[in-house]
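The following paragraphs lead the reader through a protein structure step by step. Please keep the sequence and the model in view while reading.

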Amino acid sequence: MPWFGAHLSIAGGLCNAVEAASRLRMDVFQIFTHSPTRWHVPEAPGSNGRRGRMRPRAKSFVADFLPFAPEEAERFRLAWQKAGMQPPVVHASYLINLASPQPDLWEKSVAAMIAEMHAAAALGAFGVIVHPGSPTTDDETAGMRRVVGAINRILGAAPNNVRLVLETTAGQGASLGRSFEQLAQLINQSSHPQRLAVCFDTAHVFAAGYPLKTTDDCRQTLDRFQRIVGLDRLAVFHLNDSREPLGSRKDRHEHIGRGKIGCAAFRTLVTDPRFSHLPMCLETPKGEEKGVDCDEWNLRLLRQMAKQIVSPKAVPRQRPPLLRTRSTSPRHPTD
């Protein structure tokens with residue numbers, strides 16, 4: 001069975017996320033290392049004030065890069081290990097834009113990502129998920145070159161034991177990472193391809209135009225991913241249904257089975273033996289239904305699906321219970 005979990009808040013302290021994950025019987029969980037709407041860009045030790053020009057890759061984290069105390073990181077690492085969980089997943093700040101045509105913003109983004117990688121190493125996380133970025137009004141080809149350059153700089157200064165995970169995107173605006181071809185190009189042109197992986201976000205892939213609604217759709221899309229990127233590059237799934245239709249290029253997450261994707265794709269993914277030891281994290285809307293946490297509802301549904309044997313042509317007939325959330329769903333989880 002895959003490792004099921006969700007994105008969790010670190011409000012009040014890192015260990016609060018571990019407690020929440022334990023309460024919901026998660027196998028793994030995802031966090032931000034700090035508020036995703038604020039910059040954390042420390043100066044590199046020995047950088048002489050030149051942001052991002054950092055020394056060669058370190059074998060372990062550097063405390064000066066951390067947005068929290070090393071002692072808190074140690075307590076967090078011991079807590080998730082004691083709970084018997086898999087290494088957590090870190091999601092990078094949304095402010096980071098590795099494709100930016102603005103030199104200052106690009107340098108700031110690179111420096112922030114290096115700090116994220118050191119923070120992940122301190123927490124014992126296996127990798128950091130990041131959106132490739134957007135060239136905004138600039139040329140897409142130039143934007144791709146800047147992302148490759150950023151990746152090389154980041155991995156040249158980050159700890160060896162942390163992977164950089166590129167997330168599939170919905171393709172809003174000029175966002176890169178909306179096609180499998182773009183992801184493959186970024187990986188193949190990098191100087192560190194062995195340290196790069198991919199996060200497959202179901203809502204993003206669907207919004208970008210890849211069909212997932214039926215079991216056959218899902219398998220054909222996975223086959224295409226295998227041909228272009230390679231399933232060996234998959235490191236984590238974001239399991240999200242979509243409020244928007246196929247090819248909308250709008251990033252709007254919905255509860256499992258309650259959106260335009262439906263249950264078949266998720267049933268196919270969670271029963272595929274190739275993904276039986278991969279993290280599958282929810283980024284679905286937060287809230288409660290009759291006093292029950294919505295993450296618990298969604299996790300329960302996924303676990304039920306994972307226990308079922310599905311034929312290639314099976315189409316689910318049941319819909320999950322209606323979930324009433326406390327607030328409107330954000331495009332992404334918030335801290």
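The model is a predicted one. Lysine 290 has a positive phi of about 50 degrees, although the residue is not a glycine. Its relative accessibility is 78%, so lysine 290 counts as exposed, the cut-off for that class being over 50%.

A second residue may be set beside it. Arginine 249 belongs to the loop between strand S8 (241–242) and strand S9 (253–254). This arginine, although not a glycine, has a positive phi of about 60 degrees. With a relative accessibility of 33%, arginine 249 counts as partly exposed, because that value falls between the limit of 20% for buried and that of 50% for exposed.

The protein chain contains nine helices and twelve strands. Of its 335 residues, 56% are buried. Among contacts between residues at least 6 apart in sequence, 78% join residues at least 24 apart.

How do the helices H5 and H7 meet? The axes of helix H5 (residues 180–189) and helix H7 (residues 215–228) come within 9 Å and cross at roughly 25 degrees. Angles under 35 degrees count as roughly parallel, and H5 and H7 are therefore roughly parallel to each other. Their crossing is right-handed. On the H5 side, the contact involves Phe180, Glu181 and Ala184, which meet Thr221, Arg224, Phe225 and Ile228 in H7. Sorted by class, the residues of this contact are four nonpolar, one polar and two charged.

Helix H7 also takes part in a crossing with helix H8 (residues 263–270), where the two axes come within 8 Å at an angle of roughly 55 degrees. That angle makes H7 oblique to H8. The crossing of H7 and H8 is right-handed. H7 contributes Thr215, Cys218, Arg219 and Leu222 to the contact, while H8 contributes Ala264, Ala265, Thr268 and Leu269. By class, five of the residues in the contact of H7 with H8 are nonpolar, two are polar and one is charged.

The structure holds eight aromatic pairs. In one of them, the ring centres of phenylalanine 180 and tyrosine 210 lie 4.0 Å apart and the planes are at 15 degrees, so the pair is stacked. This pair joins distant parts of the chain, for phenylalanine 180 is in helix H5 and tyrosine 210 is in the loop between helix H6 (202–207) and H7, 30 residues apart. Both phenylalanine 180 and tyrosine 210 are buried.

Phenylalanine 200 and phenylalanine 237 form a further pair: their ring centres are 5.5 Å apart and their planes are at 55 degrees, so the pair is tilted. Here too distant parts of the chain are linked, with phenylalanine 200 in strand S6 (residues 196–201) and phenylalanine 237 in strand S7 (residues 234–239), 37 residues apart. Phenylalanine 200 is buried, its relative accessible area being 1%. Phenylalanine 237 also counts as buried, at 0% relative accessibility.

Finally, the rings may be considered together. Ring pairs link Phe180, Phe200, Tyr210, Phe225, Phe237 and Phe275 into a cluster. Among these residues, Phe180 and Phe225 also belong to the contact between H5 and H7.

Note on methods. Residues are numbered from 1 along each chain as its sequence is written. This is a predicted model: local features need pLDDT of at least 70, side-chain atom pairs count only at pLDDT 80 or more; totals for chains, interfaces and linings use all residues. Side-chain values use heavy atoms; hydrogens and water are left out. Axes are lines fitted to C-alpha atoms, for helices over the stretch in contact, and angles run from 0 to 180 degrees between N-to-C directions. Helices (H or I, at least four residues) and strands (E, at least two) are DSSP runs, numbered from the N terminus. Angles under 35 degrees count as roughly parallel, over 145 as roughly antiparallel, 65 to 115 as roughly perpendicular and the rest as oblique. A crossing is left-handed if the near helix is turned anticlockwise from the far one by less than a right angle, and right-handed if clockwise. Contact means heavy atoms within 4.5 Å. Ala, Val, Leu, Ile, Met, Phe, Trp, Tyr, Cys and Pro count as nonpolar, Asp, Glu, Lys and Arg as charged, and the others, Gly among them, as polar. Rings of Phe, Tyr and Trp (its six-membered ring) pair if their centres lie within 6.5 Å; planes under 30 degrees apart count as stacked, over 60 as edge-to-face and the rest as tilted. Buried means under 20% relative accessible area, exposed over 50%, partly exposed in between (1.4 Å probe, protein chains only).
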